[in-house]
Amino acid sequence: MTRNTPVVQNDGRVTPRLIAMALTAALGGFLFGYDSAIINGTVDAVREQFSLSSVMLGFTVSCALLGAALGAWFAGVCSQRFGRVRTMLVASVLLAASALGCGLAFGVWDLIWWRLIGGIGVGFASVIAPAYIAEIAPSKQRGRLATLQQLALVIGIFLAFLISAMIAWLAGGASQSAWLGLEAWRWMFLSGLVPAVVYGILASRLPESPRYLVEKNDDEGARQVLINMVGMTPGESTENKIAEIRATVNLERRQRFADLFGGKFGFKKLVWIGILLSIFQQLVGINVIFYYSTTMWKSVGFQESDSFMISVITSVTNIVATIVAISLVDVLGRKLLLLIGSGMMTLSLGTMAVAFAQSVTVNGEVSLPGSWGMIALIAANLFVIGFGASWGPVVWVLLGEMFPNNIRALALGIGAAAQWIANFVVSTTFPTLADLGLQLAYGIYAGFALLSFLFVWRMVRETNGRQLEDMTL
């Protein structure tokens, strides 16, 4: 059998069990989105509760991203040593503990600690979900199945915004006392307990990845998963698949961190491409929308209730855009979607920068005059559409499939860690940039969106339809 011989005779067949497995793994994305976005509704109340400066507020919001970078770094090692499913269970426990700790925090450093713990869980979930899905999915359908994680993520963001808005509405404000004498913002954090527990229960019922079972010399277990869960036909194709996995696993067992080096600038070129994809995904400022949108819209004249509603509408827009991505990722391919998304983001972010530059102060209150408020809102949602239909899901698809098997685990961990560090930088600096002017912040993000277009055009190659075992440096 040559390396390029197709070995999956039913490649393209998606069984109900396979979909259920992918959906359960994708719940890690839901928790990723929920935990990331729930902070949005608490920002002003937390600032008031603990008398935080802009710098300290930025760190409190974004400190979870440092934990996420740490979790992403070690997720690959944990999944190889203990298994993909056990890694999901660890993520579930960490996120549940974080939800409880943040909701009952008695000081800002206590809150920061529990945000870090939750961030580690998010980092685990963000890496293991695309890796698990990529390992069980037929190559022809891998893009669509992998984007389920992003769909779950944006649904998590939507529900976080919706639940935050409902809790704030019922309590009369995020800083007002609600049930059991706890402020509404605390209940926003505590609401994360429910999805964390559900994720843990469902993940415990998943079969292990065939690749992990082969790594542990359990060929029979891998055979049963491939036939009964993934839907492969018993016989030669299944045996060929196991043999192919075995060949790449033997390479993976020999991989070292040093294997990532050897390029002109330290890391090999493909590793740098993965790192830069992750960094550009964050430098366009998408998570500013999800972490600070309620505060941002209030800062230019919208009422708190209106700001919450705008955040909910934006999250719905994100869901629709992600559904579009799912339908197109295996049709148009990864690279074209990224180019289209970069173009849309450049134009919409530039428009937002121009709109915010028109802000005026009347009687001590900042507002956007005339139609500029509506223009800013439309541009913000076009930005979310451009990101959600391209860079949001496609970068994770690429990170899960673009690297050769002999470096995939390490390279994916580094790419994900780079993404979280970039997210931390953007989220930490936004309050300070906002103090200087929203037009400056969004002008910077527009510049990075333009650079992302040039980067994809020159450096990214298409992976659509290729077997994981056929990826090369």
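Patches are made of residues with over 30% relative accessible area and no salt bridge, like charges being joined within 9 Å and nonpolar side chains (Val, Leu, Ile, Met, Phe, Trp, Tyr) within 5 Å. The model is predicted, so local features need pLDDT of at least 70 and side-chain atom pairs count only at pLDDT 80 or more, while totals for chains, interfaces and linings use all residues. Residues are numbered from 1 along each chain as its sequence is written, and side-chain values use heavy atoms, with hydrogens and water left out.

**View A. Nonpolar surface patch.** Val-331, Leu-332, Leu-336, Ile-340, Met-344, Met-374, Ile-378, Leu-382 and Ile-385 make a nonpolar patch of about 740 Å² (accessible areas: Shrake-Rupley method, 1.4 Å probe; for residues, only the protein chains shown count as cover). Helix 16 (372-401) and helix 15 each supply at least two of its residues, and the largest share, four residues, comes from helix 16. Helices (H or I, at least four residues) and strands (E, at least two) are DSSP runs numbered from the N terminus. Val-331 sits in the loop between helix 14 (304-328) and helix 15. With 55% relative accessibility, Val-331 counts as exposed (buried is under 20% relative accessible area, exposed over 50%, partly exposed in between; 1.4 Å probe, protein chains only).

**View B. Surroundings of Lys-335.** Lys-335 belongs to helix 15 (residues 334-356) and is partly exposed, at a relative accessible area of 23%. Beyond neighbours within four places in sequence, Lys-335 contacts Val-456, Trp-457, Val-460 and Glu-462 (contact: heavy atoms within 4.5 Å). Between Lys-335 and Val-456 the C-alpha to C-alpha distance is 6.9 Å, with 121 residues separating them in sequence. The Lys-335 side chain also reaches the backbone oxygen of Trp-457 at 3.3 Å.

**View C. Nonpolar cores.** A nonpolar core is a set of buried Ala, Val, Leu, Ile, Met, Phe, Trp, Tyr and Cys residues joined through side-chain atoms within 4.5 Å. The largest one has 140 residues, and those with the most contacts inside it include Leu-277, Phe-430 and Tyr-445. Helix 6 (residues 142-171) gives the most to this core, namely 15 residues. A second, separate core of eight residues includes Leu-213, Ala-222, Met-232 and Ile-245. Not counting residues up to four places away in sequence, Phe-430 touches Val-288, Tyr-292, Met-296, Leu-438, Ala-441, Tyr-442 and Tyr-445.

**View D. Glu-135 and Arg-84.** Glu-135 and Arg-84 form a salt bridge in which the closest N and O atoms are 2.9 Å apart (salt bridge: a side-chain nitrogen of Lys or Arg within 4 Å of a carboxyl oxygen of Asp or Glu). Because Glu-135 lies in helix 5 (residues 108-136) and Arg-84 in helix 4 (residues 84-103), the pair ties together parts 51 residues apart in sequence. Glu-135 is buried at 18% relative accessible area, and Arg-84 is buried at 4%.

**View E. Glu-239 and Arg-223.** The side chains of Glu-239 and Arg-223 meet in a salt bridge (2.7 Å, N to O). Glu-239 is in helix 11 (residues 236-252) and Arg-223 in helix 10, so this pair ties together parts 16 residues apart in sequence. Glu-239 is partly exposed at 34% relative accessibility, whereas Arg-223 is buried at 19%. Salt bridges that share partners join Arg-84, Glu-135, Arg-211 and Glu-215 into one network. Apart from residues up to four places away in sequence, Arg-223 touches Thr-238, Glu-239 and Ile-242.

Methods: Polar contact = N/O pair within 3.5 Å; in protein donor to acceptor, adjacent residues only side chain to side chain.
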